[in-house]
Structure formats: structure tokens, C-alpha cells
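Trainee: Can you walk me through this one? I'd like to start with the words I need.

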Amino acid sequence: MLKKLCIAAGALVLAAVLVVLVWALTPAREIPSALESLDTSIEDVRDWDKVIAYVPLDDRTDNMEDVVYLAEASGYQMVLPEGDTYCTKLDGQEPNSNGTQYGDREALMTWVREMDRQGCDLFLLSLDQLFSGGLVNSRSVSGDFPLTFDDGTTMSETEAFDAFIFSLAEDPDNRIYLFDSVVRLASTVGYQGFGLEEYNALRAYGMVARPALEGDELTLENVFASYRYAEDGVTPAEDTLENADYRSVLTEEIIDNYLGVRMRKLRLTDYVISALKTAPYNNIHLLIGIDDSSNAPNIHYNELHYLERQLGRGSTLLTGLDSLARLLVCQIAQDDYGGYQVRTSVRYIGGSQSIPSSEYDRYTLEETVDLHLDLFQAIRVPEDEAELQFLVMTAPADPAQAQAYCEELVSALEYNLQHHIPTALIEASDNAYGDTLRQMLLERVDFGQLVAFAGQYEQANVTGAAMAMGFSRYLYLACCKDKDPACDIGHVRQIANSMALTYAYSLHAQGLLNQYISRLGEDRNNLLPNPITGKLIQNKLEDLFLPACEELVCAPLRGGRVITSLAPYADREIKDLTISDVYFPWNRTFEIAFTIGVTLAET
């Protein structure tokens, strides 16, 4: 009997092992890209007058779905290059079809020229992508990086800029909107062999105060010379670091490469600014974003002051980075409507607008908002005179008044929506109110009626996202004569996308998911291909995120209303909304993407 029991037990174990093996060896389910449900290819072009040829910074959600949804909600159609020509791949991931971890610059330059030949006259182009193959690679290239085209022609980055971008500008019907970045203080984790130790060490090195240059001393070469030294101009910057582990990580080779990256990047940006000032064209616009900085006198100090002094015709320097493409979509709309200046009011609730929210913010929240209002030449007016109102929730200056701040915000939103006042919500409190504020908002506010909503992340990116969404949607509703019902679907998508990323992922699923991944022994910053843990992590992502979306996004939006016209006022019911097919576009947990389905009631 015992022998039979042992045989039976062994059979059960073997069967269980076989089940696990079959499950592990079964190919992973193919999850469609969120962009597959959108019209982003040249074959889908309906009207070239409303098409924007878009070369994105990279393939993260901030630069893909968020931008496409905004364009759709504003009356435009985005067309993107095919394939993986603009994708970034972390170490150990399958490379792009060109065999690299970064974008195909030559293919993208050629694509831009082809879009011009096809009849497109609106271009939204990332210089980080065209010069370096994307944001991450722009933080890694430390020397000359020439382009070699299929016909054997080789060009430097600046020669390619002249040949491809300036050639677009020769056609006065073309409008070119460029965006670029001031390289941040640290490298990217999981790229070119850099891990979290290198990131922390380089960020600490970049944060060391350098000699401040003023007046005639503020030249490009002097900025470069100041990189290596601490504030006294003599002591090597790395020698001032108290953390011995950081000093051990910062080898001479790593420091040389880090400084080489900064020199190359600043030279390229300086070239473009100078070229725009002297070129005989008025149809090129450049928006430069400051990537992850602080208000300390770090290595950014001289770079930023140098760029501010160099700025001229067509160039603007702004805090934040991941909202740049969206801000330029809004600028395209504003230009199309004759530079219409929106009468705007801003109300801060919470009382902390006069301080930076974190070590990554260079400006206070109030300064950041003002910079974005200046970008769109908004006319500041009292609330009772405003066409568009921004309600900005900050962290509580007095924690004892947190409940009162929440009530003030929700009551203001209820009043505005009831009285058909176009309103944008910037939730910049960094979850300082916990579940209280979220519950009050979801129970009492119809998010579908907002013209914009953004929350989480650093203040600069939250502000940029909400400002771009708010101004562009308002301009569409107020100025567009031939409205397209598809634009309303685009707007609901962008509201739902922002709610899902804020409430269902950042505040719910992400932390739990990171804990689960840690228990599996995997790296949340770079989830290397693995048939077993990959499936486990994907299943966990779906189990945590999708039910939260149903509760916190889909259910609250169903039955709500989306504004479709202002004069006369009109809205439509959101009959159904679904979120599905969630995945990690970069195989890390910092960002996710998903498909959003929207059905509106018939008009």
C-alpha cells in the first residue's frame, strides 16, 4: 500500500511539474500596442491640413499615447514613423531592427523629408531623437555621432540639421516645432551598463556646486571648464562627496564620459539656438526642457544661465521635459487660431505653491505655472472674468486644515461644472491627502466635464501636461468651427489615461507590483526576458491594475458627460469606457501603456 501511495504521489508531482513546464513554454500572449487602436499611419490620413508629422522623444507613454490623445482631442491627427525607428531598448532587451538600443536617426530624417513630399506642413520633431536616437541615448553619447545614410552620405548632427530641418523651413507653408532637453544630472538605470549605484553617484556629482559664471565669463568654453571643479574652482568636484561609495564608483573614465555627454549636448543646443536667430525663417519654433534638476547651484547652473542668455527668436527654455510635445501641440493649435490669448484664472488651494515640491524641481509651483501661462500668452484675469479656470491643489501648508482644503477644491469644481465654466484640475499635492481627496473627487466630480486633469510626478510635468490639455481643448471648443465627434472621444481617452495612471497605477498598483517583483528576485528597473517570471509579472500587473481601473476610472466616467461645444453649450454622455491590454512599453515598472475604448451617446 505504501509503495502504491508513493507511486501516486510521485505521479501527482510529475503531473504538476509537467503543467508548470507546459505553462512556462507556452508563448506569451501577444498584447497589442495601445497605438494600434489609433490612426497614426500615413494610410489613415484624412486631411493633410490637420496632420502633424511627429518624431517622438521615445516610445514611453508620455511621448506616445498622451500626445496622440491630446492631438485628437484638439482636432489634429498624428502620423508617426513605422516600426521601431524611435524606440529605446534597455540592456538585455531585444534590440531594434537596426540592431541598436536607440532610434534610427537616418531613417527618421528621411521619413521627415518624405512627409514633406506627401503634403504635410506641420512637423513636431524631437531633436534628442534626431540627433541622438532618443532621450536615453542622448545621456550616453559623449563625442561626435555622425549619421550615415543609405546612399553612403555621412553628415555630422549639425550638417543633418541644416540639410533636413532648414530645408523644411524653405517652404513658407511649413511650420516646424522642435523640442530639445538640457541633459539631466544622472544617467539612465539599465542602459549601457549603468545601474542604480552609478545613477546615485552621478547625480550626487552633478549636484556639487560649481563656480558661478557671470557677465563676460559666461562663455561655452568657460562653462565646460567649470564642470570639473567644486565651487572654489580648485577642488575636483568628486573630492567634495562625503559618500565614499560614490567616490569609488566615479572612476576617471565615468567622469570623462559624463562630462563629454554634457559638452556634446550643450554644443548641439547652442548651435540650434544660434542658427534659429540668424536663419531667414520665421516658421521654426524651439522649446527646450530642463530635465530633472533642482534649485541648488549644481552643474546645471551655468548651463541654464548660458542658454537663457543665448535664447532668441523662436526659442524658449522651460522647466520639465515629458510634457514638451504636448505643449507644442497646444502651440500649434494656438497658432492656427491666430494666436488667440485665453483669459485665464488660477486658484491655488492648499497653500504650498510658493515652494518646490521635491529636490527635482527648480522652481516653485507658482513660478512653474506662471512660466506655462507665459508660454501661451494667457491673459490673467479674476475668476469671474475667466474663459478658462485652473484649480491647482498643492500639499497642505497647514495639515490640520487638510479636510477643509479638500472641501474647498471639490466645492469649486462642483460649482464650475454646474455653471458650465471650462475648468482644468492640476493635482500637484503628491498624494499628501491620501485617499481622502481621491474619494471626494470621484464621488462628487464628473471628470468627463473637465477640460484637463493631471496628477502625480514632479510639479513641472504635471503642470505642463494639464496646461497643454486645458488650453488646447479649450481652443478647440471655443474656436474650431467644424467640430469632429472623434475629437470628443480623444478627449475622454486623455482624461481616462490620466486618471488611470494617477489613481489606478501610481497610487495603487505600482507599489504592490514592485514588492512582488522584488520577492521574485527581479529588477523592476529592467525586467529581462524570462518565460516564467515574465508571465507571473504580467499576470500580477493585470490583477492589480485592471480591477482598479474599473473601480476608479471606468465606472466613474460611465454615464458622465463630455463638453462638446461652448457656444451654445452642449455635451454628450459617455456610454461606455473600457481599459485593457496593459503592458510595460520599456519592460520596467516606471511606466505602463494600455488600450482605452470609448463609446459616446449619439448626438
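Mentor: Start with burial. Buried means under 20% relative accessible area, exposed means over 50%, and partly exposed lies in between (1.4 Å probe, protein chains only). This is a predicted model, where local features need pLDDT of at least 70, side-chain atom pairs count only at pLDDT 80 or more, and totals for chains, interfaces and linings use all residues. Residues are numbered from 1 along each chain as its sequence is written, and side-chain values use heavy atoms, with hydrogens and water left out.

Trainee: Okay. Is asparagine 587 buried, exposed or partly exposed?

Mentor: Asparagine 587 is partly exposed, because its relative accessible area is 29%. Its place is in the loop between E15 and E16. Helices (H or I, at least four residues) and strands (E, at least two) are DSSP runs, numbered from the N terminus.

Trainee: What about the phi of asparagine 587?

Mentor: Asparagine 587 has a positive phi of about 55 degrees, and it is not a glycine. Most residues other than glycine have a negative phi, and most peptide bonds are trans. Glutamine 377 also has a positive phi, near 50 degrees. Glutamine 377 sits in the loop between H13 and E10.

Trainee: And where is threonine 589?

Mentor: Threonine 589 is in the loop between strand E15 (569–583) and strand E16 (593–600). Threonine 589 counts as buried because its relative accessible area is 3%.

Trainee: Which residues does threonine 589 touch?

Mentor: Leaving out residues up to four places away in sequence, they are Tyr505, Gln510, Leu513, Asn514, Ile517, Arg524, Leu527 and Phe584. Contact means heavy atoms within 4.5 Å.

Trainee: How do E15 and E16 pair?

Mentor: They are antiparallel, over seven bridges. Two strands pair if DSSP finds at least two bridges between them. Isoleucine 574 stands opposite leucine 600 in E16. E15 is also joined to strand E14 (residues 561–566) by five bridges, again antiparallel. There, valine 562 faces arginine 572 in E15.

Trainee: What links E14 to E15?

Mentor: A hairpin, through two residues. Proline 568 lies in that loop. The peptide bond between alanine 567 and proline 568 is cis, with omega about 0 degrees.

Trainee: New topic. What is the strand order in the open sheet?

Mentor: The five strands run E10-E9-E11-E12-E13, with parallel pairing. Strand E10 (379–380) and strand E13 (452–455) are at the edges, each with a single partner strand, so one side of each has no neighbour in the sheet.

Trainee: Which helix packs on the sheet?

Mentor: Helix H14 (residues 402–418) does, touching strand E9 (343–349), E11 and E12. Its direction makes about 160 degrees with that of E11. Angles run from 0 to 180 degrees between N-to-C directions, and axes are lines fitted to C-alpha atoms, for helices over the stretch in contact.

Trainee: And H16, mostly covered or mostly uncovered?

Mentor: Mostly covered: 20 of its 21 residues are buried. The axes of helix H13 (residues 365–375) and H16 come within 10 Å and cross at roughly 35 degrees. Residues in that contact include Leu365 and His372 of H13, and Met467 and Phe471 of H16.

Trainee: Last one. At what angle do H2 and H17 pack?

Mentor: Helix H2 (residues 65–73) and helix H17 (residues 485–519) pack at about 145 degrees, with their axes 7 Å apart. Among the residues in contact are Tyr69 of H2 and His491 of H17.
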